[in-house]
Amino acid sequence: MEIFTSLFSLLQPLVVLFVSFSVFHVMLCRFVGARKLSGDDYGHGPPTYPIIGCLISFYKNKTRLLDWYTELLAESVTNTIVVWRLGARRTIVTANPDNVEYILKTNFSNFPKGKPFTEILGDFLGYGIFNVDGELWLAQRKLASHAFSTNSLREFVVNTLQDEVENHLVPVLERSAEAAVVVDLQELFRRVASNMICKVSLGIDRCSLDPSLPVLPLDSAFDMASEICARRGAAPLFLIWKIKKWLGIGSERKLKDAVREVHAYVAEVIEDKKQKIGTGDNEISSDQQDLLSRLIVSGHEEEMIRDMMISFILAGRDTTSAAMTWLFWLLSCHPEIERELLKETSAMAPEKMLDYESLKKLKLLKACLCESMRLYPPVAWDSKHAMEDDTLPDGTPVRAGDRVTYFPYGMGRMEALWGKDRFKFKPSRWFNYNRLGGSLKEVCPYSFPVFQAGPRVCLGKEMAFIQMKYLVASILRRFEIRPVSSNRPVFVPLLTAHMAGGLKVLVHKRDVLR
């Protein structure tokens, strides 16, 4: 391999020259074609030039892409922009709910994830549900739907949440409060979420919540694979990561090692589960109601089972933990809202465990979670790829192969959707008449697509809310959470978003159990 690496170093100038010439030729053809399609094709978006597209503006704003896109979208009459830069596909970015509905529902079949997306994530997610389209996606969605039925949710609350929170999380927080040690709340939430999704999907216990213990190698491998795959999608020239993959060097070598570790772990879990189930009458016992057991008993191929499990672990461990982390930071900035929230959770029979029915009554808590995710969505943007030429409802032309991105982060900051106080944390906006109490508003899912919408709406949406409500209410009733730094946290969007550096907090016991 050292010989190949040395050879690549020697030939690198020629490779770069060849790649540059090829990209120059392709981009020139695309630019000419774009002008033929619509003379107004680049009218909404950053300054764009022949050949290089918006590369200059892109690099000027590379450290603030989310806010840059949001500003461009706000300036556009249609809240839609067209972005084209050297080495990347022509991209349409929209914060227009009519366009989002058209992409996710009305003309769903013309906007699959597409080969460019599945190629970027294929090494990591394989043919899992989040990385496939068509019949394969539909078949996996049907298989997974049982895990999110109403009965399954009730069992999830009783069996999984209560055990994890009451017997593991609360003791850790109590010890942290007594010792007055700083805790990374984001990392703690990730461990809790990882344990819970592994119990539901794999039927296993995962890791200790003790913050003094290091992150498990598997979690590090997940983080590494997620980050490298996300950076593939943001690479200026996609051929660079493909060449690195072919040579097995740099970040692609790290990705390969990380994926190998993830695959080996999940394969071992699958084999252990097969042995527990046995080869008898293929009946699932009462302690084997997890998704993995059902897939094995149904006779599905091991590779498909493995990829499905990886997708569920990735989604379950990162999304809810990020949303709860941002909520606790926002509450620390708005103590008056925290006090109202504490009143609501205290009214839910403080001497008893929270149950499924009581969680449904926590309206203010749901509003706070929605408001947190509006400002800091667990998935900042999501892209599809057009199969055929099309036109969005706002008149934006789409060509076959275009990347079409809807942008929850930007949508949460559009004045047209949320008013002049759109940057403010204001849970009351989720109630009718903008007053706390009363009934919650029915918000259009295409204006607030943090769980997607349409046929691909997130199966775990209700489970996610139950999990977050239980955790937040359980903590608030017992503890005060106070960040140790007054600095504003940094929002980092990768495959799923997180808070840069975590959220370091001190935990204080409340005077009485509420």
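1. Let me start with Asn79: this residue is buried, with a relative accessible area of 15%. Asn79 sits in the loop between α3 (65–75) and β1 (80–83). Most residues other than glycine have a negative phi. Do keep in mind that this is a predicted model.

2. Ala180 is the other residue to look at here, again not a glycine and with a positive phi near 55°. You'll find Ala180 in the loop between α7 (150–179) and β3 (183–184). Is Ala180 buried or exposed? Its relative accessibility is 55%, and the cut-off for exposed is over 50%, so Ala180 counts as exposed.

3. The largest nonpolar core holds 136 residues, and Phe124, Leu169 and Met309 have the most contacts inside it. The biggest contribution to this core is from helix α13 (residues 302–333), which supplies 16 residues.

4. Leaving aside residues up to four places away in sequence, Phe124 touches Phe222, Ala225, Ser226, Cys229, Val259, Val262, His263, Ile310 and Leu314.

5. Now the chain as a whole: I'd describe it as 514 residues, 51% of them buried, with 19 helices and 11 strands. Among contacts with a separation of 6 or more, 72% link residues 24 or more positions apart.

6. Last, the surface. The chain exposes about 23800 Å², and 56% of that comes from carbon and sulfur atoms.

Note on methods:
Residues are numbered from 1 along each chain as its sequence is written. This is a predicted model: local features need pLDDT of at least 70, side-chain atom pairs count only at pLDDT 80 or more; totals for chains, interfaces and linings use all residues. Side-chain values use heavy atoms; hydrogens and water are left out. A nonpolar core is a set of buried Ala, Val, Leu, Ile, Met, Phe, Trp, Tyr and Cys residues joined through side-chain atoms within 4.5 Å. Buried means under 20% relative accessible area, exposed over 50%, partly exposed in between (1.4 Å probe, protein chains only). Helices (H or I, at least four residues) and strands (E, at least two) are DSSP runs, numbered from the N terminus. Contact means heavy atoms within 4.5 Å. Accessible areas come from the Shrake-Rupley method with a 1.4 Å probe; for residues, only the protein chains shown count as cover.
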